[in-house]
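Thanks for asking me to look at this one with you.

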Amino acid sequence: MKLALGPVLYYWTREAVLEFYSAVAASSVDIVYLGEVVCSRRHNLRLEDWLALARDLSACGKQVVLCSQALIESESELKALRRIAANGEFTVEANEMGAVRLLAGRVPFVAGPHLNIYNGETLAWFAELGASRFVLPLELSRDTLRELQSARPEGMQTEVFAFGRMPLAFSARCFTARHHDLPKDDCQFRCLDHADGLALQTRDQTAFLTLNGLQTQSAQVYDLSSSIEELRSLAVDVVRVSPQSTNMPTIIESFRERCAGRPGAPLEGLRVAPPCNGYWHGVPGMEYRT
Amino acid sequence: MIVPELVCPAGNLPSLKVAVDNGADWVYMGLKDETNARNFAGLNFDAASASEGLRYAHAAGAKMLLAINTYPQGCAAKRWQRAIDGAADLGIDAVILADAGLLRYAAERHSKLRLHLSVQTSATNYEAINFYRERFGIERAVLPRVLSLAQVADVVKNTPVQIEVFGFGSLCVMVEGRCALSSYVTGESPNTRGVCSPAKAVRWEKHGDRLDARLNGILIDRFESGENAGYPTLCKGRFSVDDETYYAIEEPSSLNAMALLPELVNIGITAIKIEGRQRSPAYVAAVTRIWRAAIDACAQNPAQFSVQAGWASGLARVAEGQQHTLGAYHRKWK
């Protein structure tokens, strides 16, 4: 199984992003997803910067995939999308159907986790459109994955999100700006203050969700590190870990070991929050089963 | 000028009849199972009531839509496919679909069946909508409730597909079809089971004067005595962020875009949808009657259109004390 690093879902300073990826370049991760998935206002890196980073990582032996934005509403966002789709150098992860239209039948693409590929018929359609890999929607279980794998089209690779706070929802509204009592159009880029998102607790102090601009994430960290053998037995091709601001090189190496069939270093103390894995077991996503 | 068609919810046969009686151009309904996004106990249609509903609608010159707008999982598509076959056999006017595999099935097997793209498809731009048109021949798309009026206008300008928007009712703050918050807490979501924050996971706890509303154990809101205790839809609770407790995601408000009717007409919207298959026949009757009157008034004289006091109070009466908002249509909301 290959190991992939998902896109950075948070808004970091340019320096922090470059520093993060220089560590990634030296790591043993196979595939690196780059780009801005959440918000078009985030501009510390422009497409040219992402492409330069992609070339650097590629030169270090990484397979690079450029991600498209998950929610595309405006003409300017469509323009940015067209440039990503036509980049001509790197594979693109399509994260909504507008991107699929621009890629289908032209170049192989990755069907991202937000495309709602829930069943074999839809997966077959994506294969015909030219998807070479698909990412299982987060809320699906290992039992559903088993069914999807039993009818997987020829040549289609399967990727599973296996580590990180889960992107659970997208909105036109920015919840970080809302928290800071700012309009979205004048958000003052407050996402920069929250390297791993903004914690939302219930009124009885239970960690519940994470606000990340337009995106709402789980508070807990999805963690399938103890299910790697199961992923292998289900013929999963790629395991995705999603970036957090700290400890990422160690987490990558732990997953690398596990993907190679060896016991990886324990992740206790490395995650930004306690683990959950309910979706994998077909129960509420916030639960954790050992 | 296109006069927008009025598309009204029918959770059961009595609702369907009052919607038709009060001037709905279309009524939309679902079957009694997880193939639709209002999979609630005691709601929806079986074959006999669907057939009677269609007769009733057609006799009054109205049309009927079947919503098959959840996502079959794994190898489970058969049941959803049978629902499509049944709709075609019944001679229904159109089906509302979300899943690409089902859209393809319907387009290939039932070439005469009219297809509407569900809001659950999350198609928020014309590239996406035009793709569904090219591949499956969809006639109409329902837009997610996340676009501003200018963005809606941009979609209409750039697609041959008829555009339907929500005008009134409960409001998802998240992009429809892209929200797994409910399954994160309860194991069941709109996409997978046709439910959000399902009633079976709700628990009310009384502590003296205080009332706690929990969803599978998670405290969604806490009501002091005298506070109106609303249903704990999980994105509409009060939470704590940086020690500040507030409606961190969205207030428990609902959508009312009636004031925007002239602009929606001007943009060229084909249809306006009323949310609420889970609501009572009395609700459906009142909302349909008032919206029919408003659309007719706007069609007659869009320049002079304003929301009449009687309409506003009539809608406020059925809204159960909820605030109304223009939602994403209004730029400030974002």
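Which residues touch the most other members of the largest nonpolar core?

1. **The core.** Seen across both chains, the answer is A:V92, A:A111, A:V239, B:V27, B:M29, B:I68 and B:V95, in a core of 209 residues. A nonpolar core here is a set of buried Ala, Val, Leu, Ile, Met, Phe, Trp, Tyr and Cys residues joined through C-beta atoms within 7 Å. A residue is buried if 20 or more other C-beta atoms lie within 10 Å of its own, exposed if 12 or fewer, and partly exposed in between, with C-beta atoms placed from the backbone. At least three residues of this core come from each of domain 1 (5-171 + 253-333) and domain 2 (191-246) of chain B.

2. **Before you go further.** Please remember that this is a predicted model, in which local features need pLDDT of at least 70, side-chain atom pairs count only at pLDDT 80 or more, and totals for chains, interfaces and linings use all residues. Residues are numbered from 1 along each chain as its sequence is written, while chains are lettered from A and ligands numbered from 1 in the order in which they are written.

3. **Around A:V239.** Beyond its neighbours within four places in sequence, A:V239 is in contact with A:M1, A:L3, A:A4, A:V160, A:A162, A:L231, A:F255 and A:C259. Contact means that the C-beta atoms of two residues, placed from the backbone, lie within 7 Å.

4. **Where the chains meet.** Chain A gives 53 residues to the contact and chain B gives 55 residues. On the chain A side, helix α4 (residues 97-103) supplies the largest share, five residues. That side divides into 26 nonpolar, 16 polar and eleven charged residues; Ala, Val, Leu, Ile, Met, Phe, Trp, Tyr, Cys and Pro count as nonpolar, Asp, Glu, Lys and Arg as charged, and the others, Gly among them, as polar.

5. Do look at β8 (residues 198-201) of chain A, which pairs with β11 (residues 239-241) of chain B in the antiparallel sense over two bridges. A:Q201 has B:S240 as its bridge partner. Pairing requires at least two bridges found by DSSP, and helices (H or I, at least four residues) and strands (E, at least two) are DSSP runs, numbered from the N terminus.

6. **Two domains in chain B.** The bounds of domain 1 and domain 2 come from an automatic or database domain assignment. Their centres, taken over C-alpha atoms, are separated by 28 Å. Ten residues of domain 1 and six residues of domain 2 make up the contact between them.

7. In chain B, three strands make an open antiparallel sheet in the order β8-β9-β10. Since β8 (202-207) and β10 (218-223) stand at the edges with a single partner strand each, one side of each is left without a neighbour in the sheet. Five bridges join β9 (residues 210-215) to β10 of chain B, and B:R214 has B:L219 as its bridge partner.

8. **Helix α1 of chain B.** The buried residues of this helix (residues 13-21) are B:S15, B:L16, B:K17, B:V18, B:A19 and B:V20. They pack against β1 (5-9), β2 (26-29), α2 (47-59) and α10 (281-300) of chain B. Just after the helix, B:G23 takes a positive phi of about 105°.

9. **Backbone angles to check.** A:F189 is not a glycine, yet has a positive phi of about 55°. A:F189 is partly exposed, with 18 other C-beta atoms within 10 Å. B:D242 is likewise not a glycine and has a positive phi of about 50°; B:D242 is exposed, with 12 other C-beta atoms within 10 Å.
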